[in-house]
Amino acid sequence: MFFSSIIYYLIIKKAQVEKIESKLYMVANFSIPTLLYFFLARYNNINLVVGVRYIVAIFLISLFLNYIGSVISYFGMIEAPNAGYSVVVQKSYAIYTSIAAIFLFHSPLPLNKFLAILVIVFFTALLTINPSKKLSFKNYRWVVYSFIAFFCFGSLRLGNKLVISLGVPTLTLLFWAMLFTTLISLIDLLINKKSVKTKIDRKSLIILFGIGLSVSSFYYFAQVADVIAPNIGYSGAINAASNAFYTLIVALMFKDHLSWKKFLAILGVTAGIIFLVL
């Protein structure tokens, strides 16, 4: 999950640099995992048929949390001075899921873990607030997008674990979730196809295919980690820890902004995450 996340977000950053529009990215992001999960489930003799109530639940989760969260996440990364800043905020949902898991799944959360969460919150605030800029929606629009994605992705992870805890196999859940999100993305693309200006050439197809493959790995390992972790927030914290490495790599590869203050804030978030999982 950790390494898949870094590769996935680097390819997304490349897609943004190449001006590949989000509507195309969304289709690749979910259609390729749909096919891979289908064949993987068939290979492992996993039943893909589930009850109507589970189908409805997965559809609602896919629409309101997966699809909308992914669109807003993409905008947050584009708006941020460094895409890594947005990703750090988005993936800090470990704070949210750690606490929610106590009530939903009766998961443990000792005092030292709670203190680690406070450290993460503090350094996340340092990362997102810039006192030299007037506090307005225009200057901090990427923060707004990032926090919306934060709650979407955190709720998505909680919702998925709840469905799996009721007896739906992981691959079955992932297949239906990816299928529904693919259909929603395709409908959006067809409705707005005239506004899509991205040229589909060999380079863009390779990037889109890379997005699909890397996100397939990321989604699968993240979901498995959520199921077996003592507290879902712990796996989310390890996921978030990849952000520090991603932010450094993206600053080196794409010359994104990376001040010392932001760098120290990222180290602080990472330190809090380490204390959370130890």
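Helices here are DSSP runs of H or I with at least four residues, numbered from the N terminus. The structure is a predicted model, in which local features need pLDDT of at least 70 and side-chain atom pairs count only at pLDDT 80 or more, whereas totals for chains, interfaces and linings use all residues. Residues are numbered from 1 along each chain as its sequence is written, and side-chain values use heavy atoms, with hydrogens and water left out.

The buried residues of α11 are Lys262, Ala265, Ile266, Gly268, Val269, Thr270, Gly272, Ile273 and Leu276, where buried denotes under 20% relative accessible area, exposed over 50% and partly exposed the range in between, computed with a 1.4 Å probe on protein chains only. An α-helix has 3.6 residues a turn, so residues three or four places apart point the same way.

The axes of α7 and helix α10 (residues 232–254) come within 11 Å and cross at roughly 135°, the axes being lines fitted to C-alpha atoms over the stretch in contact, and the angles running from 0 to 180 degrees between N-to-C directions. The two helices are therefore oblique to each other, as angles under 35 degrees count as roughly parallel, over 145 as roughly antiparallel, 65 to 115 as roughly perpendicular and the rest as oblique. At this contact (heavy atoms within 4.5 Å), Arg157, Leu158 and Lys161 in α7 meet Ile232, Ser235 and Asn239 in α10. The residues of this contact divide into two nonpolar, two polar and two charged, with Ala, Val, Leu, Ile, Met, Phe, Trp, Tyr, Cys and Pro counted as nonpolar, Asp, Glu, Lys and Arg as charged, and the others, Gly among them, as polar.

Asp226, placed in helix α9 (residues 202–228), is buried at 0% relative accessibility. Leaving aside neighbours within four places in sequence, Asp226 is in contact with Arg157, Lys161, Ile232 and Ser235.

Helix α2 (residues 22–43) and helix α3 (residues 52–79) pack at an angle of about 130°, with their axes 11 Å apart, which makes α2 oblique to α3. Here Ser22, Tyr25, Met26 and Phe30 in α2 meet Asn66, Tyr67, Ser70, Val71, Tyr74 and Phe75 in α3. By class, this contact has seven nonpolar, three polar and no charged residues.

Met178 lies in helix α8 (residues 170–191) and is buried, with 3% relative accessibility. Not counting residues up to four places away in sequence, Met178 touches Phe30, Pro33, Thr34, Tyr37, Asn66 and Tyr219. The C-alpha atoms of Met178 and Leu35 are separated by 9.0 Å, although these residues are 143 residues apart along the chain.

Positive phi values also occur in loop residues other than glycine. Lys19, in the loop between α1 (2–17) and α2, has phi near 65° and is exposed, with a relative accessible area of 66%. His106, in the loop between α5 (94–105) and α6 (111–128), has phi near 55° and is exposed, with a relative accessible area of 70%.
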